[in-house]
Amino acid sequence: TELFKTTLEYWNTLTCSLYNEAPVEDLHSFADVVQTPRRQLYSLILSQLRSVLISNMAKPEEVLIVEDENGELVRERLTHSPNVALYKTMRETLVYLTHLNYDNTQKIMLEKLAAQTDGTEWSWRNLNTLCWAIGSIAGAQTEEMEKRFLVIVIKDLLGLCENKRGKDNKAVVASNIMYVVGQYPRFLRAHWKFLKTVVNKLFEFMHEIHPGVQDMACDTFLKISRKCKDKFVTLQMGEQMPFVEDIIINTGQIISDLQEQQIQTFYEAVGYMISACAEPQLKDVLISKFMDLPNQTWVEIIGKAKSQLEVLQEINTIKKIASVLKINARACHSLGHAYITQLGRIFIEMLHIYRLYSGEISRIVATGGPHATKTPLVRAMRSVKKATLGVLEKFIEKAQDLGVVVQNFLLPILGAVLDDYRAGIPDARDAEVLSLMAQIINKLGNLITPENIMRIFEHTFACTLEMITKNFEDYPEHRVEFFNFLRAVNKHCFQVFMVMPEQSFKLIIDSIVWAFKHTMRNIADTGLIILLELLENMEKSNSSNQFYQKYFLNLLQDLFFVLTDTFHKHSFKLQATLLKNMFHAVESGKITAPLWDASKITDANMNNQIFLRQHVANLLSIFKNLSTHQANEFVLGLFDLNKDLPTFKNHLRDFLIKIKEFGEDNTQLFLEEQEVADAKQKEEKMKRELSIPGLVSPYDPRRENEMLD
C-alpha cells in the first residue's frame, strides 16, 4: 500500500504537469485535446495507468456507526481518514488523465463495465472500484460527451441489476447505480424524465433491507434534492402535477421501511425541494401536507397526554417525541424561514414537554444523585430537550422576519429554558442552551430589551462560570459555548454591561482573563477577541475612563503574562494587537483619567505616559537576564512603535527572543505570517482547481450554491 501511495504521488505530479502544458481554456467546450510531444510520448503508459487506477479506485468516503451521548447509534462520516485522502489523490489524477484523453478513458471504463455485464470479470470489488472511478470524473467531460457516456453506463448497470441472481448481488449493483447517478447532477438537471426515473428507483431501493442500500438511497436522494430542487416544484411537460406533490402524497409508503435517521434525511431532502417553491401560499400548503405524518404522531401523543399524563414518561413515547422533533429540525434546516408555519403548530406543546421533562429530571436527580443523569429514562428525556433546543436554534438561525420572532417566540423560549438551566445540577445542564442564547443574541441583537438580556445573563453566566473554572478539562462543550455566548453579548448588546452591577461586570472581566489564559487555543483566542471587541466598545462609551482606571493595569499585566509564558505562543497576533491598542490609547491621550494611585504618587508632573513607562519597567524586573538598557529600549519601543502593527509585532518578537523564554523554536511567533501565506496559497489552489473541469466535486462546499443549468 505504501509503495502504491508513493508511486501515486509521482503519477499525480506527472499528469498535472502534462495537463498544464495545454490546459482547458473554455469550460463549456473542451473536447479537442491538444497532443503535445510529451503527451504523445507518454500516451501508452497513461492508458495503462488509467486502467490501473480504475481497477484500484479507493472508496470515496468512510462511515462509522457510533453511539452518541443519548445512547443512540448514529452514522458519522470520516472526512480525514487515510483512505479518503487516497481517494482524493486518485480522483484528481484520474481527472487529469481524462482531460489528457477523453476517448481512451471512456473506452477503458466501458470495456470494464462490459466485462461486468458478461460476467468475465464480475465481482463486488471490481464493480465497486469501477463505479467509484466513473463517479470521480463527473464534470471532467463536456455535457454532450457526459450524456452519451452516462446513458450507456446507466443502461448497462440497470441491465446488470435486472439479470443478476441473488439479493446480495442485486443490492451491490443497486448501490453502485445510486452512487453513479448521484455524482452527475448536471446530467440529471438537463434530463427530467431520467431524473424522475432515478428518484423513483431510489424510492424502490429505500425498501431494500440489504445493509447499506437504504442509507445509500437516502443519501443520494438528499444530494440530488439539493442540486435539482427547483426541478421538483416545477410542472414538467407531460406531468399532471409537480413531482414534489406526488412525493408528498406517497411519503407514508416511501418511508415505511426506513430507520429513524433515514427518515430524517428524507424529510430534509423534500424540504429542499419545497424551499424552491416561489409562491408563499403554495409553499405553506406543501409544508402542511409534507409534515402531516409527524404531526399526526405529535397530535396523537399530546391527545393521550391530556387525559393520561404518565404516558409522556414511557420510554417508547419519549423516543417518538424525540424522533418527531429531529424530523422538524432537519426540515427547518432545508426549508429555511418558511418553517415558521410548521413551528407554530407544535411550539406551545413542545415547550410544555420541555418544562415537564426538566422538572422530572430534577426530581429524579434529587433522589438518585448526579449518577441518575446516566439512566436510560433521563438520557431519553434529555434527548427530547436537546432536540427541542436544536429545533429552536435552527429556527432562529433561519428566521427572516425578526419582529415576528421577538413578538411571538422569544419570551416563551426564555421562560421554558432559562429557569431550568440555572436550577439544574451541572451534569444535567445542556450546553445547547448557551448555543441557543448566543444564536438569539447574534440574530436579534438590539431587538431584545435590556431587561431580557439581563435575564439571559443572570440565568446562564454565573452558574456556567462556576462549572468551567474549577479546572481546564471539565464540561468542554459548555466552555466553548459559554465564551461564544459572552462574545455575542459583547458584540450586539454591549450597553447591558454599562447598567449591570459592578460585581457582575468584574466577573465578566475575570472570565475573559480566565479564557485567554486557557490552554485550548480556540478558547484562548475567543477570550482575546472578546477583550479586543470590549475595549473597542468601551472606547466609544462614556464610561471608558472609569473602566481604564479600574482594569487597565491588571489587564496589561495579564496580557504580558500570556505573552511571555510558553503555552500561548499560538495567540501572539491577538496579544500583540491588544497591547498595541492599549499602549496607543495611553500615548495618544485617549485615556484622560490617571492610571496611578493618587494617594501613593503625589508628583504634580506625573501623567499616564510617564507612569506607564515606569510601571512596565517594574514589571520587566522579573526577567533577570534582561539588562536595564534592554528593558528601557523595549519600553520606549512600546510607546514609539504602536502606530503600526507589523512593526510593533517585530518589537515584541525581539523582546521575547532576548528574554530567552522561547528557546530556539520561535516559529509560533510568526504563526500569523505563516497563516496568511497558507491562506493565500490555499486561495490560489482553489482558483486553479475550480478552473479545471471536474477537479472539484459538484457537492464540494465551494460549489454548493452553483446552479448547473
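**Salt bridges**

A: Arg382, Lys386, Asp430 and Glu432 are joined in a network of salt bridges, a salt bridge being a side-chain nitrogen of Lys or Arg within 4 Å of a carboxyl oxygen of Asp or Glu. The model is predicted: local features need pLDDT of at least 70, side-chain atom pairs count only at pLDDT 80 or more, and totals for chains, interfaces and linings use all residues. Residues are numbered from 1 along each chain as its sequence is written, and side-chain values use heavy atoms, with hydrogens and water left out.

Q: How many salt bridges does the rule give?
A: The count comes to 23 salt bridges.

Q: What is the N to O distance between Arg382 and Asp430?
A: The side chains of Arg382 and Asp430 form a salt bridge at 2.7 Å, N to O. Arg382 lies in helix α18 (residues 376-398) and Asp430 in the loop between α19 (402-423) and α20 (431-444), so the pair ties together parts that are 48 residues apart in sequence. Helices here are DSSP runs (H or I, at least four residues), numbered from the N terminus.

Q: Is Asp430 buried or exposed?
A: Asp430 is buried, at 2% relative accessibility. Arg382 is also buried, at 12%. Buried means under 20% relative accessible area, exposed over 50%, and partly exposed in between (1.4 Å probe, protein chains only).

Q: Changing topic, which residue does Glu2 pair with?
A: Glu2 forms a salt bridge with Lys5, with the closest N and O atoms 3.8 Å apart. The two are 3 residues apart in helix α1 (residues 2-21), so about one helical turn separates Glu2 and Lys5. Glu2 is exposed at 56%, whereas Lys5 is partly exposed at 27%.
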